[in-house]
Amino acid sequence: MASVSSSTLIIFIASILVAASVAGTMTNGVQRLSGALGDRSVDVSQEIRTDVELINDPGTPSSIYDSDNETITLLVKNTGSQTLAAQPGTFDVLVDGQYATPSDANVIGGESWQTGDVAEVTIVRNLTAGDHRVVVIVNGDREVLEFRTS
């Protein structure tokens with residue numbers, strides 16, 4: 001009778017140890033998943049609240065491209081619901097399919113780029129005469145400007 005009780009006790013303790021180790025492993029996995037979901041939800045929230053529009057006039061290419069200084073000037077209006085940072089690093093810019101780093105970004109008539117404000121983004125790039133396409137991406141929001149230089 002005592003041998004049955006001791007073997008049952010050993011099996012019981014072993015099962016408790018296995019259950020505890022499985023629970024510990026699952027808890028660690030759930031915590032990592034929860035942290036990743038929290039980080040991703042912050043990114044998605046910023047993407048949803050960010051909206052920008054390129055308000056340059058493509059019919060007046062001289063207001064977009066200055067051939068003397070080889071600069072492209074983009075007017076980007078914040079139409080989203082959050083204040084954005086008007087810094088060159090905020091903007092991902094593609095000019096004719098090639099990545100271009102903005103040399104400068106300033107808010108016109110203000111310091112912070114709030115909803116309704118316009119930021120002037122300058123890119124130094126030599127463009128040949130013809131059709132050109134500029135893509136601006138801010139927090140996942142993508143806008144396209146097509147214009148022609150002569």
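Student: Where does Pro-88 lie?
Tutor: Pro-88 lies in the loop between β3 and β4 (92–95). Strands (E, at least two residues) and helices (H or I, at least four) are DSSP runs, numbered from the N terminus. Before we go on, this is a predicted model, where local features need pLDDT of at least 70, side-chain atom pairs count only at pLDDT 80 or more, and totals for chains, interfaces and linings use all residues. Residues are numbered from 1 along each chain as its sequence is written, and side-chain values use heavy atoms, with hydrogens and water left out.

Student: Why does Pro-88 count as partly exposed?
Tutor: Because its relative accessible area is 30%. Buried means under 20%, exposed means over 50%, and partly exposed is in between (1.4 Å probe, protein chains only).

Student: How many Å separate the C-alpha atoms of Pro-88 and Asn-56?
Tutor: They are separated by 18 Å. Along the chain, the two are 32 residues apart.

Student: New topic. How many salt bridges does a search of the whole structure find?
Tutor: The search finds 2. A salt bridge here is a side-chain nitrogen of Lys or Arg within 4 Å of a carboxyl oxygen of Asp or Glu. Side chains of opposite charge can pair when their charged atoms come close.

Student: Which residue does Arg-148 pair with in a salt bridge?
Tutor: Its partner is Asp-131, and the closest N and O atoms are 2.6 Å apart. This pair links distant parts of the chain: Arg-148 is in strand β9, Asp-131 is in strand β8, and they are 17 residues apart.

Student: Are those two buried or exposed?
Tutor: Both Arg-148 and Asp-131 are exposed.

Student: And what does Arg-133 form a salt bridge with?
Tutor: With Glu-146. There the closest N and O atoms are 3.3 Å apart. Again distant parts of the chain are linked, with Arg-133 in strand β8 and Glu-146 in strand β9, 13 residues apart. Arg-133 is partly exposed, because its relative accessible area is 36%. Glu-146 is at 49%, so it counts as partly exposed.

Student: What lines the largest pocket?
Tutor: Arg-148 turns up again, along with Pro-61, Ser-62, Tyr-65, Ser-67, Leu-127, Thr-128, Ala-129, Thr-149 and Ser-150. A pocket is an open set of points on a 1 Å grid over the protein atoms alone, where a 1.4 Å probe fits, with protein on both sides within 12 Å along at least five of seven lines; lining residues have an atom within 4 Å of a point.

Student: How much space lies in it?
Tutor: About 150 Å³.

Student: What about phi? Which value does Glu-70 have?
Tutor: Phi of Glu-70 is near 55°, a positive value in a residue other than glycine. Glu-70 lies in the loop between β2 (65–66) and β3 (71–78). It counts as partly exposed because its relative accessibility is 33%.

Student: And what phi does Asn-139 have?
Tutor: A positive one, about 50°, although Asn-139 is not a glycine. Asn-139 lies in the loop between β8 (130–138) and β9 (141–149). At 30% relative accessibility, Asn-139 counts as partly exposed.

Student: Last one. Where is Leu-9 found?
Tutor: In helix α1 (residues 2–49). Leu-9 is at 47% relative accessibility, so it counts as partly exposed.

Technical notes
Grid points are joined across faces, edges and corners, and a volume is the space filled by probe spheres set on the points.
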